[in-house]
Amino acid sequence: MNQSNAAVVRRTITVEAPIERAFAVFTNQFGDFKPPEHNMLGVPIAETVFEPFVGGHIYDRGTDGSECRWARVLTFEPPDRVVVSWDISPYWQIETDPEHTSEVEIRFVAESPERTRLELEHRNIERHGPGWEGVRDGVADDAGWTFYLDRYAEVVTKSS
């Protein structure tokens with residue numbers, strides 16, 4: 001396995017929802033499926049916000065009003081695709097240098113008018129520098145993207 005293949009994590013899930021709803025749930029209700037224990041704030045998360053535009057952020061707002069901006073929206077193409085940065089270092093702290101962040105692309109593919117496949121690709125993980133394998137292992141773990149997508153599918157089902 002070469003480094004470029006080793007530095008990519010892919011996950012796929014299919015949901016019973018039209019593509020427009022699948023996309024809207026992912027972006028408008030991101031905080032409903034993001035695990036609250038995935039938190040870099042010093043207080044509990046009051047909400048997670050996904051700003052639906054290029055240049056926006058994904059951030060957690062704490063119960064005390066503090067904020068942790070941990071992703072930037074790089075591409076926003078409803079209902080087909082969104083790309084965000086992963087601004088979390090191998091030490092699970094905010095990375096402020098965009099050259100040391102990775103990207104997460106989420107593609108929505110209509111399998112039928114009522115069924116959508118979500119394809120997630122977390123790539124360029126090696127750009128995090130020394131320790132990048134820890135980022136890869138964390139997002140590839142069952143408590144990483146698989147956990148997010150399973151929770152996403154539950155939210156899609158409940159919102160139907």
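How many residues does helix α5 have, and what does it reach from its first C-alpha to its last? In this predicted model, α5 runs over residues 145-158, which makes 14 residues, and it reaches 20 Å end to end by C-alpha, close to the 20 Å expected at 1.5 Å a residue.

Now for the sides of that helix. Trp145, Tyr148, Leu149, Tyr152, Ala153, Val155 and Val156 are the buried residues of α5. Look down the helix axis and these buried residues fall within an arc of 160 degrees, so they line one face of α5. The general rule behind this sort of pattern is that an α-helix has 3.6 residues a turn, so residues three or four places apart point the same way. On the face of α5 turned away from the buried side you'll find the exposed residues Thr157 and Lys158.

On to the loops, and some backbone angles to check. Proline 78 and proline 79 are joined by a cis peptide bond, with omega at about -5 degrees. Proline 79 sits in the loop between β4 (67-77) and β5 (81-86).

Then there are tryptophan 92, with a positive phi despite not being a glycine, and asparagine 124, also not a glycine and with a positive phi. Here they are with their values:

| Residue | Phi | Loop | Relative accessible area |
|---|---|---|---|
| Tryptophan 92 | about 55 degrees | between β5 and β6 (102-112) | 40% |
| Asparagine 124 | about 60 degrees | between β7 (115-123) and α4 (132-140) | 24% |

Buried or exposed, or in between: where does tryptophan 92 fall? Tryptophan 92 is partly exposed, and asparagine 124 is partly exposed too.

Note on methods
Residues are numbered from 1 along each chain as its sequence is written. This is a predicted model: local features need pLDDT of at least 70, side-chain atom pairs count only at pLDDT 80 or more; totals for chains, interfaces and linings use all residues. Side-chain values use heavy atoms; hydrogens and water are left out. Helices (H or I, at least four residues) and strands (E, at least two) are DSSP runs, numbered from the N terminus. The expected span of a helix is 1.5 Å times one less than its number of residues. Buried means under 20% relative accessible area, exposed over 50%, partly exposed in between (1.4 Å probe, protein chains only). The arc is that of the directions from the helix axis to the C-beta atoms.
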